[in-house]
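Welcome! Please take a look at the sequence and the model below, and then read on for a short tour of some local details.

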Amino acid sequence: TLRADRCLTPEGHTIEPYYVIEAKEWVHIFAINKHSEVLITRQYRHGAGIVCYELPCGEVEETDTSVIEAAKRELLEETGCSAAHFELVGSSFANPARQTNRIHSFICYDTVSVQEPSHDINEVLDFNFIRLDELFKLIDNGTFSQSLHIGSVFLALRQMKAI
């Protein structure tokens with residue numbers, strides 16, 4: 001939902017309209033397998049008109065009873081994968097200047113394929129497990145370029161004591 005507010009700054013200036021996006025909460029999943037490889041997806045993102053690599057992710061739906069349930073559901077839907085253990089590594093705002101939602105970043109261990117993905121046609125194009133050094137190369141060359149996903153990678157690596 002897009003709403004137009006009347007915003008009064010601390011200095012006494014009025015900004016009107018001040019547009020705010022009311023969005024659902026999001027989840028990002030840093031999923032690693034028994035070989036310490038990271039699961040990434042490749043998706044088309046219409047706003048920027050690009051195909052980019054990112055972590056499995058999605059919205060927290062009204063039917064989800066918790067953010068961890070949303071993370072498990074999104075991982076399974078997008079990639080057909082499941083994991084033995086999910087751990088919340090942090091929650092942060094996507095863009096508190098203009099959006100109301102937060103991103104809940106998870107790390108999950110021992111990720112394995114358990115079924116065919118069930119994503120809809122406008123979501124994931126493909127997915128693959130890659131080594132961490134390969135992920136860093138994708139970040140460096142700009143194909144894994146979403147800052148919010150890079151932040152979730154950082155939180156997961158910090159949790160793993162990899163940085």
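In which loop does D110 lie? D110 lies in the loop between β9 (102-109) and β10 (112-113), where strands are DSSP runs of E with at least two residues, numbered from the N terminus. This is a predicted model, in which local features need pLDDT of at least 70 and side-chain atom pairs count only at pLDDT 80 or more, while totals for chains, interfaces and linings use all residues. Residues are numbered from 1 along each chain as its sequence is written, and side-chain values use heavy atoms, leaving out hydrogens and water.

**Loop residues with positive phi**
- D110 is a residue other than glycine with a positive phi, near 55°.
- D110 is partly exposed, at a relative accessible area of 43% (buried means under 20%, exposed over 50%, and partly exposed in between, with a 1.4 Å probe and protein chains only).
- S36, found in the loop between β3 (26-31) and β4 (38-45), also has a positive phi without being glycine, with a value near 65°.
- The relative accessible area of S36 is 48%, so S36 is partly exposed.

**A cis peptide bond**
- E16 and P17 are joined by a cis peptide bond, with omega about 0°.
- P17 belongs to strand β2 (residues 14-21).

**Around a ring**
- The charged end of R98 sits over the ring of Y18, 4.0 Å from the ring centre (this requires NZ of Lys or CZ of Arg within 6 Å of the ring centre and within 35 degrees of the ring normal).

Definitions and conventions
Helix = DSSP H or I, 4+ residues; strand = E, 2+ residues; numbered from the N terminus.
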